[in-house]
Amino acid sequence: MSQVLLIEDHQTVRDGLQLALTRQGHTVHAVETGEQGLERLRTAQSDVVVLDLMLPGMDGFEVCRRIRQLGDLPIIMLTARNDDMDVVAGLEAGADDYVVKPVQARVLEARIRAVLRRTGGESRRGGDRAGLEQHGALTIDRAALVVSKDGAPVSLAPTELRLLLELSHTPGQVLSRQQLLEAVWEHGYLGDSRLVDACVQRVRAKIEADSSAPVFIQTVRGFGYRFGPL
């Protein structure tokens, strides 16, 4: 049974989502401010955070950044509108996925299950390729799900790790954004490429010597991304 931390200031929305997710088998701890959410994370375990961006006091963007400082807990953000600036800012702050309000409980629950599968290491391509892979300064251990650069561990959130595993599974092969959305986020429809682009930028910041001149994850304009060649 998963532990969901819901941070939402609107009581009606909060109560409705808590009830719907509980009926789906999740244990939901609901709070109304970012400060309360961060305190909850310091004192109790959660498997995933559902975070409203528009919170009183500390907004959701800052809460997201602080959660990322605490660790690699999956974050699904709720945004009141499909606004490019809000969505991109939330993804750059470290969110793994997002749902636009008014929230359909079945959509949110599906996103939660998908991100929990990523956290649990299920359905990862390349999981049968046991042992270490060396790609220049980057070492990928698919069996242990550990990445290191020049011998130092690289801390990757679950979605970031799965993206890297997916790209490095076939070095030199170009994967479209839609292919990555389906494989990593499990979005089986024409999805939002901003999820992919923002995640690529976060991974590059962690594994590239110069993220503006990437070596490991290269952009193929008009098509998508490829890993290498090195």
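**Entry 1: the cores**

I started with the largest nonpolar core, which has 48 residues. I looked up which of them have the most contacts inside this core, and they are V49, L164 and I217. Helix α8, residues 193-207, gives the most to this core, with seven residues. I keep in mind that this is a predicted model.

Next I looked for another core, and one of 14 residues lies apart from the largest one. I noted some of its members, among them L17, V50, I76 and L78. As background, I jotted down that nonpolar side chains tend to be buried together in soluble globular proteins.

**Entry 2: around I217**

What does I217 touch, if I don't count residues up to four places away in sequence? I found L164, L167, V200, V203, R204, I207, E208, Y225, R226 and F227.

**Entry 3: α7 against α8**

I moved on to helix α7, residues 177-185, and how α7 packs with α8. The angle is about 80 degrees, and the axes are 9 Å apart. That angle makes α7 roughly perpendicular to α8.

Which residues make the contact? From α7 I listed R177, L180, L181 and W185. From α8 I listed S193, L195, V196, D197 and C199. Sorted by class, I get six nonpolar, one polar and two charged residues in this contact.

I also checked which residues of α7 are buried, and wrote down L180, L181, A183, V184 and W185. L180, L181 and W185 turn up in the contact with α8 as well. After α7 comes E186, and I noted that its phi is positive, near 60 degrees.

**Entry 4: the sheet**

Then I turned to the sheet, an open one of five strands with parallel pairing. I read the order as β2-β1-β3-β4-β5. Which strands are at the edges? They are β2 (27-31) and β5 (97-100), and each pairs on one side only. On average, neighbouring strands here are turned by 20 degrees against each other, direction ignored.

I zoomed in on β1, residues 3-7, and found five bridges joining β1 to β2, with the two running parallel. For Q3, the bridge partner in β2 is T27.

Last, I looked at what packs on the sheet and noted helix α3, residues 60-70. Helix α3 touches β1, β3 (48-52) and β4 (75-79). The direction of α3 makes about 160 degrees with that of β3.

Definitions and conventions. Residues numbered from 1 in each chain as written. Predicted model: local features only at pLDDT ≥ 70, side-chain atom pairs only at ≥ 80, totals over all residues. Heavy atoms only, no water. Core = buried A, V, L, I, M, F, W, Y, C linked by side-chain atoms within 4.5 Å. Buried < 20%, exposed > 50% of the residue type's maximum accessible area, 1.4 Å probe, protein only. Helix = DSSP H or I, 4+ residues; strand = E, 2+ residues; numbered from the N terminus. Contact = heavy atoms within 4.5 Å. Axes fitted to C-alpha atoms, helices over the stretch in contact; angles between N-to-C directions. Parallel < 35°, antiparallel > 145°, perpendicular 65-115°, else oblique. Nonpolar A, V, L, I, M, F, W, Y, C, P; charged D, E, K, R; others polar. Pairing = 2+ DSSP bridges.
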